[in-house]
Amino acid sequence: MENLTEPSLGPSGAVQGETPALRMIALLELITTRDQLFTLQSLVDQTGIPKPTLHRMLQQLESSNLLTRHSDGRHYATGSRMRRLAEDTLLNDTRNGARNAILKDLVAQIGESCNVTALSGNEVIYLDRVETTEPIRVHLGPGSRVPAHCSASGKLIVSQFGTAQRERLLNNDRLTRFTAYTLTDYPALEFELARIRQQGYALDQQEYLDGLVCLAVLVPNASGRSNMCVAVQAPIMRKSAADLEGLLPLMQRAAADIARIEDLTDNSELQASGW
């Protein structure tokens, strides 16, 4: 059963802009930081926007599929169009060239396929990937998707979420079994996520594909919660889970390098826009 109690939204958020369109964008920016379903009243309380005005804004966003309403008629969440926009932005980001160069260097050092991933709904989407030159490998190009519950990247990103959001993403109805090692029992998966939160990285030990092991680390960012990972995949005949854990310093260095690219590009874009 979903937890649809009114979320605690924390400090008041400002929704500012010189035009109605910019204020609508600012409202979307605020909404996308929420890790729970929200109501009209909760946004009124947080933003201070008059209820009729905010209701009209939410109606416009819902009619354009940027937001969707829960079956109870009160709670809202991001819609399919918003998710596609986020995915397309990540996949076609101009920073991909620099990220790809870091991945190529990482693959040269490790000798196994490496990728950059992000969470979209209850799936992990591959944003960029560099394949190993080894003859035995798994081909998963940019745009490929893997269920979050049996992916190292997915488990790592989801481990940062609150209890209600984890339950919505990973309830038992969605925990499909892919191999004998897939975690399909939600309490067991919750235990695994708690361990991942503590250790700061995640492993996929043949949970999606037999014979394939993976390790993922977060790309750090200033907000403290990241939706981007760097991951390495290898057949069990070449690398064990322990072997991958030995690569943690290299993986974390690559993730930090990608984070610096993100920061540098964001800062230059802000300067170019006059901020």
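R69 is partly exposed, at 33% relative accessibility (buried means under 20% relative accessible area, exposed over 50%, and partly exposed in between, with a 1.4 Å probe and protein chains only), and its side chain meets that of E62 in a salt bridge of 2.8 Å, N to O (a side-chain nitrogen of Lys or Arg within 4 Å of a carboxyl oxygen of Asp or Glu). E62 is likewise partly exposed, with a relative accessible area of 24%. The model is predicted, so that local features need pLDDT of at least 70 and side-chain atom pairs count only at pLDDT 80 or more, whereas totals for chains, interfaces and linings use all residues. Residues are numbered from 1 along each chain as its sequence is written, and side-chain values use heavy atoms, with hydrogens and water left out.

In total, ten salt bridges are counted. One of them joins the side chains of R238 and E112 (2.7 Å, N to O). R238 lies in the loop between β9 (229–235) and α9 (241–245) and E112 in the loop between α5 (96–110) and β4 (113–120), so the pair ties together parts 126 residues apart in sequence (helices are DSSP runs of H or I of at least four residues and strands runs of E of at least two, numbered from the N terminus). E112 is buried, at 2% relative accessibility.

A further salt bridge links E207 and K155 (2.8 Å, N to O), both of which are buried. Through shared partners, salt bridges join K155, E192, R195 and E207 into one network. E192 is also among the buried residues of α8, which include Y186, L189, L193 and I196.
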